[in-house]
Amino acid sequence: MDSMQGIKRTHYCGDLRAADIGKTVTVCGWVQKQRDLGALIFVDLRDRTGILQLAFTESTDREVFGKAFTLRSEYVVAATGVVRERAAKNPELPTGDVELEVQALSLLAKSETPPFEIVENSQTSELTRLKYRYLDLRRPDLQKNILMRHKIAKITRDFFDENGFIEIETPMLIRSTPEGARDFLVPSRIHKGSFYALPQSPQLYKQLSMVAGFDRYMQIARCFRDEDLRADRQPEFTQIDLEMSFVDMEDVLEMGERYIQRVFKDAIGVDIALPLPRLTYREAMERYGSDKPDTRYGMELCNLTDAVRGSEFAVFRGAIEGGGSVRAINAKNAASVLTRKEIDKLTEFVRGIGAKGLAWVRMNPDGMASSFAKFMTDAEMQAILEKTGAETGDVLLVVADANDSHVLSVLGALRQTVAQKLDIIPKDQFNLLWITEFPFFEYDEELGEFVAMHHPFTAPMDECLPYLESDKARVRAKAYDMVLNGIELSSGSIRITDPELQGRIFTLLGLSDEEAKEKFGYLLEAFRYGAPPHGGMGLGLDRLCMQMLQTESLRDVVAYPKVQNASEPMTECPAAVDDLQLSDLGIAVTQKEKQE
């Protein structure tokens, strides 16, 4: 094995072009492939910028040629030579017009045969690739993702610095506070029986930074939530966090819009038109059945309640008399795809998310077929067709329930599933919008009472203050989400800084003065010393990267992700620790827990 003594890389493999012909350069990297043609040997050398062909010919020093003969995939080498025009050009490679005529070759490290080939779009199982993540990360497509993430982070810091924001690091070990998900707890060795929590967000610290007078705060912050994983969720994630003093909601939204416009333009060359569209929470639910709607396609919800009011069909009548609604989506030109068999699958799908069933109409070329037409009058069916704009080839899917919000959420999920089945979701399109005027409270059916929809420092809208105690369903919040292609990209609000109003909110949330002091005492104390009006938002960096790169999972844009059960196959964490470590912390693990 050779050493790096005297070897200085001058260029990256992927950077060399025809303009470099005649230069003597040194490149380093991993062998992608070696092709032995007898008198000629070609080696594809790969680094994070791309691939360069190395050429070894009859004129190459015999010792160097002999080394080239021994090279195998993933060997690490350094090569010095002269850039020359490539005889057989490769238009698929950015470096395809040139090659390196090697004069000196150093073998820096050998490699065993890797458990999978280091290529783009690998078909190897994800679990295997995650076990050998350091090899998986050599794949060009993943490297491009991680490099793009770096670029997005740099653009982010540059933008907020240019706009007067100060990057302030907040602690990783904090007091456990209620933020809507389970905390990851960290036991204290010094204070036995007491625990730190890993932050779900820097929320309270960034508000304290406003009290401290820093005016504009930002941080690319690590956050932790002990909740079940899915494609767009990890137990540890990165948030672009910001807070601003002396602002109203419009100021925060304007800053968020200008940031998103800048990052899309500078990172991937996409122009985002401003201002972004806005929907209130109620409008989004009525039209799309979701507070994070994907607006790249239509199929909006249609309210049929008035059209079928008075119907003798028991399902519709019962829903309306119970205070609910009857609503539908029209899947245009879907009759050939949504066969009876497919509709049966959709029926099982909606039942799985709580619906009692799914009514349907198929507008076949030879006439209408329906699961409920026999219970309706001709006039009622005609009203349904007119209301939904049904035409030949369309399929109407109808949900009815006494709980109107349930109808909306079921149809929202169904809309998304049907769009995927029909393959009507446009690619390479980025639809951003704001959702505003969220409910301040939401009704918890299990508890039978209204509970907070946001953290307790979210301000209610001024015109809703008279209804805080008397009509909770009427109260809306100064809260806002940015949505991108059906994904919640960011969430934020204007904060409460008035102690009297904060006290009212705590009381409404069932917190006594003692409980409020126990959980938030330090922030309430700080607000006694001149808290400026402020608000902000947190924007998910992982989700932003995932959407901009149009990947299937957050794992494609996170270097070292966790899998479904929140473990990491590569390091096999979480793992047991020895009894001495537990003893230092004053913790005992029972035998049963050890076995599990």
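1. Cysteine 13 is buried, with a relative accessible area of 0%; buried here means under 20% relative accessible area, with a 1.4 Å probe and protein chains only. Cysteine 464 also counts as buried, at 2% relative accessibility.

2. A quick note on what we're looking at: this is a predicted model, where local features need pLDDT of at least 70, side-chain atom pairs count only at pLDDT 80 or more, and totals for chains, interfaces and linings use all residues. Residues are numbered from 1 along each chain as its sequence is written, and side-chain values use heavy atoms, with hydrogens and water left out.

3. On disulfides (a pair of cysteine sulfur atoms within 2.5 Å), a search of the whole structure turns up zero. Cysteine 13 is in none; its nearest cysteine sulfur belongs to cysteine 28, 7.9 Å away.

4. Have a look at arginine 86, in the loop between β4 (76-85) and β5 (98-109); strands are DSSP runs of E, at least two residues, and helices are runs of H or I, at least four, numbered from the N terminus. Arginine 86 is buried yet has no salt bridge, and the nearest side chain of opposite charge, glutamate 99, sits 4.8 Å away. The salt-bridge cut-off is a side-chain nitrogen of Lys or Arg within 4 Å of a carboxyl oxygen of Asp or Glu.

5. Leaving aside residues up to four places away in sequence, arginine 86 touches Gln53, Leu93, Gly96, Asp97, Val98 and Glu99, with contact meaning heavy atoms within 4.5 Å.

6. For the overall picture, the protein has 17 helices and 22 strands, and buried residues make up 47% of its 596 residues.

Terms used:
Buried < 20%, exposed > 50% of the residue type's maximum accessible area, 1.4 Å probe, protein only. Lys, Arg positive; Asp, Glu negative; His and termini not counted.
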